[in-house]
Amino acid sequence: MSDIRPGFRYTKSHEWVKVEGDTATIGITDHAQEELGDIVYIELPEVGRVLSADDVFGTVESVKAVSELYAPVSGEVVAVNEALSGSEAAINESPYETGWMITVKLKDPAEAGKLLDPDAYRSQIGE
Amino acid sequence: MSNDLKTIEPTLFELSRPGRLGASLPGCDVPEREPADLLPGVPLRGGVPLPELAEPDVIRHFLHLSSLNYCVDQGFYPLGSCTMKYNPKINDEAVRLPGFARIHPYQPEETCQGALEVLWQMQSALGAVLGMDAVSLHPSAGAHGEMLGLMLIRAYHDHHGQGKRRSVLVPKAAHGTNPASAARCGYKTVSIDTDARGLVDMGHLRTLLEQHEGDVAGLMLTNPNTLGLFEEDIVEICDVVHRAGGLMYCDGANMNALVGTARPGDMGFDVMHVNLHKTFCIPHGGGGPGAGPVGVKKILEPFLPVPQALRREDGTFTLDYERPLSIGKIGSFYGAFLAIVRAYAYIRHYGREHLAEISENAVLNANYLRARLGKTFEVAYDRTCMHECVFTLKAFKSHGVKALDVAKRVIDYGYHPPTMYFPLIVPECLMIEPTETESLETIDGFITAMESIAREAEENPQIILDAPHTAPVRRLDEALAARSLDLSWSSDRESSASAQGRTTTPGTGREAAATPVCEA
């Protein structure tokens, strides 16, 4: 069974969102890292970039495949996890903590409420 | 298990012993001088640590290394999408003829008429097989062919005042080189969905053509597609794309399913590449040289690269550079010439009457394998396939076994593993392409091995998770190899690696190594 965190929100494309006040931290799920296999490269946006929901905000490359990362919510990028570059294994080892990718200042704090809740995500991945 | 336990081979540097000689050179008959005296002020490296070995040590080293390689001359090589067929040795003999092997690209045309005739004949022969009006033999590989094809599409649109078109449609299941080639040529790729049949989703295609009206330069499609399925709607696909002003590109990587039986040109494609190292029997997987000739319809012919082989009215042959609309040169000289000779010999050996037997037997073998293995492994899209079939091993996850683990276990049974995790739309994917050159007994042997692995997954999954057991090393650290790609040797690193026992303990450690892939 994949690790799915309570209180987080999820997308069909396997990103997670943790909302705290008017900011949201974003990464990929435990299920996503398991499916991708060992991640070898990540490309993330610059701080200051304004994202709309469903925009591609980066790419992640594993030994199997290159995948695009989709913004679950709209907002401005206020922090990027620079430590991942060169330590991509953190995404595999700790997808919800040290493997976080970006933090955005939410354009609309209600937007994340439309994403999948943990139960809906678990049934989405067939568990 | 047909593989003997193999041990890893030390490097030449580890085998080196001070003062050991492989050859006795005659004494120097000119005064010896220090290089630094002869080249004052020039930075000289000095002290290059060349290994010192005797001739038998060198021969045994390389022979042992070659025995660690797995090749199609040794056994079944069902690497899907790569068409690892047996390559008849008579084609190598043709290549060794001095009139081909010992000519120089700068020698006068009148002294190499036979070579020029082969180029001209091959342009015609491939045109006939593909259903195309003209062929360029220049591209050195499939991806190079894709790039040329897109450059031709771009030249065509520019010439017709449509240079603003910026989108290339590519199915989600496509070879990764397709979107990469499109991006390399300055295009934006737009992904088309695959429907429940495993084919291009026509509804989605129509929607995309409307959304990108006036912007579509072309569509790149592999047919049969990367699931090994024939795109049944191909005539309609070509029709709607043409009506939207786009051109149709065929990725000919799967031409082994069609050769002699059906022609992409007749389906409506305007331009395509074909991999001579897949369909037309050039040795494949050893790093090349490959060849990816491109065939085009009349509308694209003026833009082909220079030179084209040409037969003059008097029957002599020449290289034609007088092509005012040509995109220019895309490589040195005339393509991978000896690869072209080899493929030409192969085509002429079969002739028009027998070429179809290639695709007929390739498709028959794949369907036999699909029907029998499908009882044990789930077929991703279970319908009649073409030259290869795709299985999903998601059910094996309940035993903690992944497609990767099964692929590694296949090595212990003496076969090359199938392609894994491609196409990306199939979870836990294994893609198997038997090709036409394998006997019923060989395919049955492989099926028995796969069935045995399936039983192991239920009874003793650990043996699969620890595989391969018969190779000199177990699981290579592909992540480390990809993160820090470094293939050069240095004496400093070698001594520290040896100190950690990297090269001396067979089969225990995880080793960094470049991932071997088949050429595009």
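This is a predicted model: local features need pLDDT of at least 70, side-chain atom pairs count only at pLDDT 80 or more; totals for chains, interfaces and linings use all residues.
Let's start with strand β12 of chain B, residues 419-420, which pairs with β13(B) in the antiparallel sense over 2 bridges. Within that pairing, B:M420 has B:L430 in β13(B) as its bridge partner.

The side chains of β13 (residues 429-432) of chain B are worth a look on your screen. B:C429 and B:M431 point one way, B:L430 and B:I432 point the other way, and all are buried.

B:E428 is not a glycine, yet its phi is positive, at about 45°. Is B:E428 buried or exposed? Its relative accessibility is 2%, so B:E428 counts as buried, the cut-off for buried being under 20%.

## The seven-stranded sheet

Now over to another sheet of chain B. In which order do its 7 strands run? The order is β1-β7-β6-β5-β4-β2-β3, and the sheet is open with mixed pairing. At the edges sit β1 (134-136) and β3 (188-192) of chain B, each pairing on one side only. From one strand to the next, the twist averages 25°.

Within this sheet, strand β2 (residues 167-171) of chain B runs parallel to strand β4 (residues 216-222) of chain B, with 3 bridges joining them. To find the pairing in the structure, look for B:V168, which stands opposite B:G218 in β4(B).

## Helices on the sheet, and a cis proline

Two helices can be followed against these strands. Helix α8 (residues 177-184) of chain B lies across β2, β3, β4 and β5 (247-252) of chain B, and runs at about 175° to β2(B). Helix α10 (residues 234-243) of chain B also packs on the sheet, where it touches β4 and β5 of chain B; its direction makes about 140° with that of β5(B).

Between β4 and α10 of chain B comes a loop that contains B:P224. The peptide bond from B:N223 to B:P224 is cis, with omega near -5°.

## The annotated lysine and its loop

B:K278 carries a UniProt annotation: the unreviewed entry lists "modified residue: N6-(pyridoxal phosphate)lysine" for it. You will find B:K278 in the loop between β6 (271-274) and β7 (294-296) of chain B. With 5% relative accessibility, B:K278 counts as buried.

B:C281 has its place in the loop between β6 and β7 of chain B too. Phi of B:C281 is near 70°, a positive value in a residue other than glycine. B:C281 counts as buried as well, because its relative accessibility is 1%.

## A loop residue between α5 and α6

B:I103 lies in the loop between α5 (98-101) and α6 (113-130) of chain B. Its relative accessibility is 27%, so B:I103 counts as partly exposed.

Which residues does B:I103 touch, leaving aside neighbours within four places in sequence? The contacts are with B:P98, B:A115 and B:F337. B:I103 and B:A115 are 12 residues apart along the chain, and their C-alpha atoms are separated by 8.7 Å.

## Where chain B meets chain A

The contact between the chains takes 10 residues from chain B and 11 residues from chain A. Together the two chains bury about 840 Å², with 50% of it on carbon and sulfur atoms. On the chain B side, B:K402, B:Y421 and B:R483 lose the most area to chain A, together 49% of what that side buries.

How many salt bridges are there between chain B and chain A? The count is 2. B:K402 forms a salt bridge with A:E34, and the closest N and O atoms are 3.2 Å apart.

Conventions:
Residues are numbered from 1 along each chain as its sequence is written. Chains are lettered from A and ligands numbered from 1 in the order in which they are written. Side-chain values use heavy atoms; hydrogens and water are left out. UniProt positions are given in the numbering used here, feature names are shortened, and annotations may be inferred rather than shown by experiment. Helices (H or I, at least four residues) and strands (E, at least two) are DSSP runs, numbered from the N terminus. Buried means under 20% relative accessible area, exposed over 50%, partly exposed in between (1.4 Å probe, protein chains only). Two strands pair if DSSP finds at least two bridges between them. Axes are lines fitted to C-alpha atoms, for helices over the stretch in contact, and angles run from 0 to 180 degrees between N-to-C directions. Contact means heavy atoms within 4.5 Å. Buried area is the accessible area (1.4 Å probe) that two parts lose on being put together, summed over both. A salt bridge is a side-chain nitrogen of Lys or Arg within 4 Å of a carboxyl oxygen of Asp or Glu.
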